[in-house]
Structure formats: structure tokens, C-alpha cells
Amino acid sequence: MKVSINTAVFLDELNAGKTQLECLQTLEKEDNIAGIQVRDEFFKDDMRAEELDAIHELAQKKGWMIDYSVPQALFTDDGLNPELGNFLNLAQSHGIDALKFSLGAPTKESIKEAELLIKPSGVSVSVENEGNDHGEPAYVLKQLAEVTQNGVIGFTFDAGNWYWVDKAVNVNRVFLDLKDYVTVLHLKNIDVAKLDTTLLEDGDTDWRALVANKPAEVPVYLEYNIPTEYLGAEMNKITQFDA
């Protein structure tokens with residue numbers, strides 16, 4: 001199984017001043033990476049376009065899919081996020097395959113409006129469960145029934161955000177309830193007492209069950225801070241996964 005990488009794994013390096021491009025270049029010799037997900041908040045506005053073009057060149061060389069994480073809700077209390085069109089244009093201009101937003105508060109009208117923009121763009125778009133009231137399992141399940149019904153918008157299942165809503169949540173049960181909607185799995189483990197991410201073997205989630213139960217076509221993104229010396233081992237847990 002190949003693994004995909006969200007640049008959150010490089011949080012220490014990013015906070016120390018490295019660019020996402022510099023971090024991703026350290027993966028150039030890896031052969032078991034399917035895709036990468038870059039994060040909007042880690043780009044400098046005046047360097048975003050140049051860095052994205054260089055990332056696209058690297059991704060083409062390696063055969064990586066590029067996903068772009070937007071730290072905004074797709075559906076706001078006032079309707080469709082007005083920046084959706086701009087992000088779709090950004091994706092089209094820089095070879096980005098997919099965009100990820102948080103879910104927010106969709107309505108029939110805003111879903112239709114989003115679909116009209118997304119469908120002709122050729123860019124995949126997914127929404128993610130949040131660590132707030134919009135991330136309650138029952139709410140997410142109800143909304144996804146409408147948001148995903150036409151196959152235009154997918155769902156990114158974040159294995160950690162559920163705990164910020166309810167520390168007692170059974171994440172594997174929630175995954176099974178939402179499995180039919182999941183198009184991307186953001187894999188992480190959580191120390192529930194501290195509400196903080198851990199290495200895969202050190203938290204309270206049965207991460208192996210999540211990977212074993214996912215549909216075969218759903219990519220697994222590692223999305224948590226991983227000290228450099230542990231990154232290879234964490235990746236190998238996915239690439240050598242045996243249920």
C-alpha cells in the first residue's frame with residue numbers, strides 16, 4: 001500500500017522556517033508515496049505561486065497527486081464560501097488535483113452552487129469533519145447524505161478531529177457509520193487525556209482497524225507532526241500494512 005503525506009508531518013521544520021517545497025524535496029527518494037497535501041497557511045503570499053509551480057514540477061517527476069488544504073469551511077453560515085472560485089482557479093493554474101475544505105453549514109442551495117463551480121473545473125473537492133459543533137458525528141452523517149449525493153463533493157475523514165468534539169467518541173464506530181462517504185482518510189492517533197497527536201503506536205485509536213476497513217481506493221494521508229527521525233518508520237507502517 002502506498003502512503004500519502006500532508007505537510008503537517010513537517011510541522012517542526014515549517015515552524016523553524018523551512019518551506020513546504022524544501023520539506024517535500026526530502027521525500028524525493030521515496031518510491032511508495034502516492035500523493036501529497038500542501039497547506040494554504042504555510043505559504044507566504046508573495047511566494048505561493050512560485051512555490052506551487054516548483055511543487056508541481058516535483059510531483060510530476062514523482063507521479064504524486066497534489067491536494068491543497070484550505071483552512072476554511074466550504075459552506076459558511078451565509079452560504080457558499082465566496083473564495084471557492086478563486087481556489088479552483090489556483091488549482092487549475094498550478095496543477096493541483098484536489099482541494100480540501102472543512103464542512104461548515106451546507107444548505108441545498110449552497111450545495112448546488114458549489115457543484116456548478118466544481119464540476120466543470122476538473123478539480124476534486126472534499127469536505128472534512130471539524131473539531132467543533134459541525135464535527136458531531138450525527139451532524140456530519142446528516143449533512144453528507146446531501147453534500148455527496150451527486151458525487152461532485154467527497155469527504156475527508158479526519159481520525160483526530162472527532163476527539164475535540166467528544167473525548168469519549170469511538171472513532172472506529174464513526175468510521176464504519178460514514179464509510180460509504182469517505183474518499184480520503186487523514187490518519188493520526190490521539191492521546192485522549194492530553195488531546196494531542198502521537199505517533200501511530202502511542203495513542204488511543206485503533207488505527208489499524210481504520211486502515212483495514214477503508215475502501216481500497218481511499219488514500220491514506222499521514223497528517224500529524226512527526227519528528228524527522230521517526231518519519232520513515234511511520235510511513236513504513238502504512239506501506240507495509242498487514243491487517
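This is a predicted model: local features need pLDDT of at least 70, side-chain atom pairs count only at pLDDT 80 or more; totals for chains, interfaces and linings use all residues.
**Entry 1**

I start with the cut-off I need: an angle under 35 degrees between two axes counts as roughly parallel.

Next I asked myself which residues of H6 and H8 meet. From H6 I wrote down Pro-137, Val-140, Leu-141 and Leu-144, and from H8 their partners Val-174, Asp-177 and Leu-178. Sorted by class, this contact has 6 nonpolar residues, no polar ones and 1 charged.

**Entry 2: H4 and H5**

I turned to helix H4, residues 84-93, and helix H5, residues 108-118. Here I found an angle of about 25° and axes 10 Å apart. That angle makes H4 roughly parallel to H5. I have the crossing of H4 and H5 down as right-handed.

On the H4 side, the contact is made by Leu-84, Gly-85 and Leu-88, while H5 brings Ala-114, Leu-117 and Ile-118. My tally for the contact of H4 with H5 reads 5 nonpolar, 1 polar and no charged residues.

**Entry 3: the largest pocket**

Helices done, I went looking for open space. The largest pocket has a volume of about 390 Å³. Which of its 24 lining residues are the closest to its centre? I listed Arg-39, Asp-158, Asn-161, Lys-188 and Glu-223.

I then checked which elements give two or more residues to this lining, and found strand S3 (65-76) and strand S5 (98-104). S3 gives the most to the lining of the largest pocket, with 4 residues. By class, I have 7 nonpolar, 9 polar and 8 charged residues around the largest pocket.

**Entry 4: the second largest pocket**

My last stop was the second largest pocket, which holds about 230 Å³ of space. How do the residues of its lining divide by class? I get 5 nonpolar, 3 polar and 4 charged.

For anyone who wants to select them in the viewer, the lining residues are Leu-14, Gly-17, Lys-18, Thr-19, Gln-20, Leu-21, Phe-42, Lys-44, Met-47, Glu-50, Glu-51 and Ala-54. The elements that give two or more residues here are helix H2 (20-25) and helix H3 (48-62). H3 supplies the largest share of the lining of the second largest pocket, 3 residues.

Methods: Residues are numbered from 1 along each chain as its sequence is written. Side-chain values use heavy atoms; hydrogens and water are left out. Axes are lines fitted to C-alpha atoms, for helices over the stretch in contact, and angles run from 0 to 180 degrees between N-to-C directions. Angles under 35 degrees count as roughly parallel, over 145 as roughly antiparallel, 65 to 115 as roughly perpendicular and the rest as oblique. A crossing is left-handed if the near helix is turned anticlockwise from the far one by less than a right angle, and right-handed if clockwise. Contact means heavy atoms within 4.5 Å. Ala, Val, Leu, Ile, Met, Phe, Trp, Tyr, Cys and Pro count as nonpolar, Asp, Glu, Lys and Arg as charged, and the others, Gly among them, as polar. On a 1 Å grid over the protein atoms alone, a cavity is a set of points where a 1.4 Å probe fits but cannot get out, and a pocket is an open set with protein on both sides within 12 Å along at least five of seven lines; lining residues have an atom within 4 Å of a point. Grid points are joined across faces, edges and corners, and a volume is the space filled by probe spheres set on the points.
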